[in-house]
Amino acid sequence: MTQELDAKPEFERAIFPDGLMAVDLRDRTAFASALAKLKPDLVVHAAAYSDPDFCEDHAAEARRLNVESARTLREELPSSARLVFISSDYVFDGEHPPYT
């Protein structure tokens, strides 16, 4: 499983038209480098593992994408950049814990 999760696609770090760049968000160094190069004014962050069973079975991997990529954005984006974070798989009403 680790090999499958760590497999890097051929297009990784490729430059696409209109300034789009493919980068593995789990790779903090590559991700930070891409942010520095692109200097975005706006980032819409919607990447995540959304399968709860996968996340429970692969907690460290889920954390790399679901938590650490957002942390990298927070730390590496200039303060003038806008960050839109989208998470739509589950909605919690706050009335029926436990939430972790």
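Which residues make a nonpolar surface patch of about 330 Å²? Leu42, Val44, Val84 and Ile86 make this patch.

The model is predicted: local features need pLDDT of at least 70, side-chain atom pairs count only at pLDDT 80 or more, and totals for chains, interfaces and linings use all residues. Residues are numbered from 1 along each chain as its sequence is written, and side-chain values use heavy atoms, with hydrogens and water left out.

**View 1. Overall fold of the protein.** Four helices and two strands are present, in the order α-α-β-α-α-β from the N terminus. Helices (H or I, at least four residues) and strands (E, at least two) are DSSP runs, numbered from the N terminus. The accessible surface comes to about 7,600 Å², and 54% of this belongs to carbon and sulfur atoms; areas come from the Shrake-Rupley method with a 1.4 Å probe, and for residues only the protein chains shown count as cover. Of the 100 residues, 25% are buried. Buried means under 20% relative accessible area, exposed over 50%, and partly exposed in between (1.4 Å probe, protein chains only).

**View 2. The largest nonpolar core.** Its eight residues are Leu25, Phe31, Leu35, Val43, Leu65, Leu73, Leu77 and Ala81. Helices α2 (28–38) and α4 (59–76) each supply at least two residues of this core. Such a core is a set of buried Ala, Val, Leu, Ile, Met, Phe, Trp, Tyr and Cys residues joined through side-chain atoms within 4.5 Å.

**View 3. Surroundings of Thr72.** Thr72 is in helix α4 and counts as buried because its relative accessibility is 2%. Leaving aside neighbours within four places in sequence, Thr72 contacts Arg28, Phe31, Ala32, Leu35 and Leu77; contact means heavy atoms within 4.5 Å.

**View 4. Ala48 and Leu65.** Ala48 lies in the loop between β1 and α3 (52–57) and is partly exposed, with a relative accessible area of 48%. Not counting residues up to four places away in sequence, Ala48 touches Leu65 and Asn66. Ala48 and Ile86 are 38 residues apart in sequence and 9.4 Å apart in space, C-alpha to C-alpha.

**View 5. The nonpolar surface patch.** Ile86 is one of the patch residues, as is Leu42. Leu42 is in strand β1 (residues 42–45) and counts as exposed because its relative accessibility is 51%. Patches are made of residues with over 30% relative accessible area and no salt bridge, with nonpolar side chains (Val, Leu, Ile, Met, Phe, Trp, Tyr) joined within 5 Å and like charges within 9 Å. A salt bridge is a side-chain nitrogen of Lys or Arg within 4 Å of a carboxyl oxygen of Asp or Glu.
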